Amino acid sequence: MGHEVQSVAVVGFGPIGQAVTDQLVKAGNPVTVLQRSEPADLPQGARFVACDAREPDALFVGVKGCNAVIVCIGLPYDSGVWTRDWPRVMTNLIRLGRTTGLRIVFFDNLYMYGPQDEPLHTGMPLTRKGHKPRVRAEITRDWQTAVATDQDFRFVALRASDFYGPGQVQSHLGTDVFRAVASGHPVQTVLSPDLPHDFAYVPDIARALCLLLDAPDSAYGQAWHLPCAPTETPRQILQQAAALAGKPLKLQALSPALLPIMGLVVPMLRELVEMRFQFNRPYRVEAAAFAQAFDFKPTPLAKGLTATLEALSPQPLPTGAQ
């Protein structure tokens, strides 16, 4: 971290917020974690302030004494919740940035592009299709408008693909998947196993968000894409993980056509129906601009998979697997 950033507010303490907080604390930065309930695993060196980012003035109280903000909020994966709450959160973030002058680094996803048949790049138009993609596009337009109308509003977004890594639970390649791989049990996925798909590594996301804290002002007012390790298919990724664990891969792919039916009884699958465009075609992310601007090299897949598997068990991986 650079000397300009002395104290950072991290809003949200899911896997990304935890990784960001860990990196900042290790670098000697005072960190204030903001969310509604106090986390049980807050690292030494970080303090907690109860804060509901949906409430108009809550963020102002939480960021006192801080001179930068990293937003890692993860709302429940529910279209109704997103439609109701994301606009409120973004309105409050914009008001916070405009009023205080604090730098705001916003962790974002790639939903706002909607269905695309080419690698995703920041010049693509924002979609108006689907509940969750549409709301992400709407809040993007909100901060872009604020940037265009207020030169003192310093806001930057980092957009990342589906991610994996130690402690990551709610993901196509989450803890349950890797636990099954490590034990040799069958792995079920809605991903098309043989279509290329970019996955971001959680510590890489945290590293990139921290880099943006000290970036020049010219890096703000825009969105950046996070570089991923070279693209592979879900089957190739899980085969590597299985080899590292010394187990055979037993992969069971669920047909996307079954999602509407299965969604009648499984809420999470119902929420995935409108997101099928992410896994029924190749899903690649163009991120050369960030790599070049920040000399950023993503963690090799083998290293990320090893760390992810080792986090599941105190037992070392089989000799010769690493």
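Aspartate 117 is exposed, with a relative accessibility of 73%. In this predicted model, its side chain meets that of arginine 281 in a salt bridge, at 3.1 Å from N to O. Aspartate 117 sits in the loop between β5 (103–108) and α4 (131–149) and arginine 281 in the loop between α9 (267–272) and α10 (288–294), so the pair ties together parts that are 164 residues apart in sequence.

- Side chains of opposite charge can pair when their charged atoms come close.
- The count of salt bridges comes to 17.
- Arginine 84 pairs with aspartate 85, their closest N and O atoms being 2.7 Å apart.
- Here arginine 84 is partly exposed at 47% relative accessible area, whereas aspartate 85 is buried at 1%.
- Both belong to a network of salt bridges that links Asp52, Arg54, Arg84, Asp85 and Arg88.
- Arginine 207 and aspartate 204 also form a salt bridge (2.9 Å, N to O); they are three residues apart in helix α6 (residues 202–213), so about one helical turn separates them.

**Strands side by side**

- Strand β2 (residues 31–35) has four of its five residues buried, so the rest of the structure largely encloses it.
- β2 runs parallel to strand β1 (residues 8–11), joined by four bridges, and valine 11 has leucine 34 as its bridge partner in β2.
- From β1 the chain passes through helix α1 (residues 15–26) to β2 in a right-handed β-α-β crossover.
- Five bridges join β2 to strand β3 (residues 46–50), also in parallel.

**A pocket**

- The second largest pocket has a volume of about 220 Å³.
- Its lining includes Phe13, Lys26 and Gly167, and its residues divide into five nonpolar, three polar and three charged.

Note on methods. Residues are numbered from 1 along each chain as its sequence is written. This is a predicted model: local features need pLDDT of at least 70, side-chain atom pairs count only at pLDDT 80 or more; totals for chains, interfaces and linings use all residues. Side-chain values use heavy atoms; hydrogens and water are left out. On a 1 Å grid over the protein atoms alone, a cavity is a set of points where a 1.4 Å probe fits but cannot get out, and a pocket is an open set with protein on both sides within 12 Å along at least five of seven lines; lining residues have an atom within 4 Å of a point. Grid points are joined across faces, edges and corners, and a volume is the space filled by probe spheres set on the points. Ala, Val, Leu, Ile, Met, Phe, Trp, Tyr, Cys and Pro count as nonpolar, Asp, Glu, Lys and Arg as charged, and the others, Gly among them, as polar. Buried means under 20% relative accessible area, exposed over 50%, partly exposed in between (1.4 Å probe, protein chains only). Helices (H or I, at least four residues) and strands (E, at least two) are DSSP runs, numbered from the N terminus. Two strands pair if DSSP finds at least two bridges between them. A crossover is right-handed if, with the strands pointing away from the viewer, the path from the first strand over the helix to the second runs clockwise. A salt bridge is a side-chain nitrogen of Lys or Arg within 4 Å of a carboxyl oxygen of Asp or Glu.
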